[in-house]
Amino acid sequence: MRLDKFLVENGIGSRTEVKAILKKKHIAVNGEVEISPKCHIDPLVDQVFYNGQLLVYEKFLYYMLHKPAGVVSATEDVQHKTVLDCLDDLARTKGVFPVGRLDIDTEGLLLLTNNGQLAHAMLSPKKHVDKVYQAEVEGIMTTEDQLMFQKGIALSDHVCLPAQLDIISVDMENEKSLVNITIQEGKFHQVKRMVKACGKEVIYLKRLSMGPLWLDSRFKKGDWRRLSEKELSSLELFDVTL
């Protein structure tokens, strides 16, 4: 790998900025000052220092984001703020993208990475990855609704796989319900359409988990962080290179 590419991918700066940094002799490779951007290095073997600080090469990045409403699950959008706009500059530099999508008005857990193999595995219907959503519903969800979810709700264009509806609380006076819904698919507006098939309406939706990952309970809307070592270890069940 070229040294300038390595420095850019580590968030040191743009290609032009990196060249200027090299000229100013701020970069050392294996203890020797290096000024050539064309210098080739092995990022897994050679030690590269920026102003005395060792740079650690990461091929793949993994971010957990509490996506707020009003933000689109895309890398670019001319009208709306995107989930990449919520992260640091390194995420865009390294080509990070959202694993799946949440509707613009849906909040909650979103995983972003540049590991395409992992993204494919987590989104594959064959993997049956659980996704847990919390929903505020206009209407009283019942045991009959739970049975409908268990059997697999038939939508106009799709018969859903069996799903789980857990009724957390009901407000009989205001005719509202708080529920958790676990599905293994990700069809367009699926949770909202499943609830509508029961004669009720979702008025607020938040994703709590995806596979082994759960939304950090300390997060406020818009908060993000890199995945912990424990969380990365939990993703090894997908049998991909992390």
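Let's start with Asn30: its relative accessibility is 44%, so Asn30 counts as partly exposed (the band between buried, under 20% relative accessible area, and exposed, over 50%, with a 1.4 Å probe and protein chains only). Asn30 is not a glycine, yet its phi is positive, at about 50°. You will find Asn30 in the loop between β1 (27-29) and β2 (32-33); helices (H or I, at least four residues) and strands (E, at least two) are DSSP runs, numbered from the N terminus.

His128 is also worth a look: its phi is near 50°, a positive value in a residue other than glycine. His128 sits in the loop between α4 (116-123) and β10, and its relative accessibility of 42% makes it partly exposed.

## About the model

This is a predicted model, in which local features need pLDDT of at least 70 and side-chain atom pairs count only at pLDDT 80 or more, while totals for chains, interfaces and linings use all residues. Residues are numbered from 1 along each chain as its sequence is written, and side-chain values use heavy atoms, leaving out hydrogens and water.

## Around Tyr63

Rings of Phe, Tyr and Trp (its six-membered ring) pair if their centres lie within 6.5 Å; planes under 30 degrees apart count as stacked, over 60 as edge-to-face and the rest as tilted. The count by this rule is 2 aromatic pairs. In one of them, Tyr63 and Trp224 have ring centres 5.4 Å apart and planes at 55°, so the pair is tilted. This pair links distant parts of the chain, with Tyr63 in strand β5 (residues 62-67) and Trp224 in strand β15 (residues 224-226), 161 residues apart.

Tyr63 is buried, at 0% relative accessibility, whereas Trp224 is partly exposed, at 31%. Arg226 lies over the face of Tyr63, 5.6 Å from the ring centre; the rule asks for NZ of Lys or CZ of Arg within 6 Å of the ring centre and within 35 degrees of the ring normal.

## The nonpolar cores

A nonpolar core is a set of buried Ala, Val, Leu, Ile, Met, Phe, Trp, Tyr and Cys residues joined through side-chain atoms within 4.5 Å. The largest one here has 33 residues, and Tyr63, Leu87, Val96, Leu112, Phe149 and Ile181 have the most contacts inside it. Elements that each supply at least two residues of this core include β5, α3 (89-93), β9 (107-113) and β12 (176-183). Apart from this core lies another, of 19 residues, among them Ala121, Val129, Leu232 and Leu235.

Take Val96 as an example: not counting residues up to four places away in sequence, Val96 touches residues including Leu61, Tyr63, Leu87 and Leu112, where contact means heavy atoms within 4.5 Å.
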